[in-house]
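Dear colleague,

Please read them alongside the coordinates.

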Amino acid sequence: MRTWKTALAAATCAGLAVATLAGCGGDGEKKDPDAGTNGVGKLPADKIEARARQAAERAGAVHLTGNVVSKGRTYTLDMRLKGDGGTGQVSTKGSTFQLLRIDKELYLKAGAHFWVHEQGGDATPTAGSGKDGGSAADRAAARKLDGKYVKVPAGDPAYEQLSGFTDKAMLLDGLLGLHGEITSGERANVAGVPTIRVTGDRGNGGTLDVSLRGTPYPLRLQRAGGAGVIQLADWNKDFPLTAPAKGELVDYGQQLPQSDG
């Protein structure tokens, strides 16, 4: 009888242990927050940031979305980037345009409204020029560019600024930096992916979420000083870059029309 009771107690104890991870004389164990992760959560904060930067540099492609504040102007970005170019959309001050770069060839596509303001040199309509701003000739020229890709010459002043939105290495290098003393520890989740959060100057110097699943890619960045929040996704997911068809393209040669605006 005692043997039977002992066996029954042991079986009951084993069942409870499986269900509760403790009991029947055991103290239990705390769940390891890094179990099943890529392990970067155990690293010092500066090494986590370095791993994230290295992963971003080595990746073949990325999809970047969000807002960036630069020199008092807010840019809303939706760009797909890779080593030999990029494509996507940029919005600022009520204007929206699309960019496409293939190697050194850069193309800009926008509506007539954008071109009227560019030619006028200001986003504010001038007196007597009509509700869209610019002269009648400006508006007529802008209509011809509506929805067309315009090739941006490499020597045009706009080339350097616009091409920066399509340059993966340059854009990420300028965005990913944290400022001040770097610390880590808080766990979060970005688009269903668990992350370790790295902060600069207790959050005042920016906050970076690094993936705890697979390669430690940066997934979300809150820039220092309220200078914008960006999301980074589709790492290493390739995409096509196709030059505009002849009927979709306008080439002004050495300089964009009134690009000084």
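Which side chain meets that of Arg187 in a salt bridge? The partner is Asp34, with an N to O distance of 3.2 Å, where a salt bridge is defined as a side-chain nitrogen of Lys or Arg within 4 Å of a carboxyl oxygen of Asp or Glu. This pair links distant parts of the chain, since Arg187 sits in strand β7 (residues 182–190) and Asp34 in the loop between α1 (2–20) and α2 (45–58), 153 residues apart; helices (H or I, at least four residues) and strands (E, at least two) are DSSP runs numbered from the N terminus.

The model is predicted, so local features need pLDDT of at least 70 and side-chain atom pairs count only at pLDDT 80 or more, while totals for chains, interfaces and linings use all residues. Residues are numbered from 1 along each chain as its sequence is written, and side-chain values use heavy atoms, with hydrogens and water left out.

Asp34 counts as buried at 11% relative accessibility, whereas Arg187, at 32%, counts as partly exposed (buried is under 20% relative accessible area, exposed over 50%, partly exposed in between, with a 1.4 Å probe and protein chains only).

Lys82 forms a salt bridge with Asp238, their closest N and O atoms being 2.9 Å apart. Because Lys82 lies in strand β2 and Asp238 in the loop between β11 and β12, the pair ties together parts that are 156 residues apart in sequence. Lys82 is buried at 11%, but Asp238 is exposed at 59%.

The search of the whole structure finds seven salt bridges, and Glu186, Arg197 and Asp209 are linked in a network of them.

Best regards
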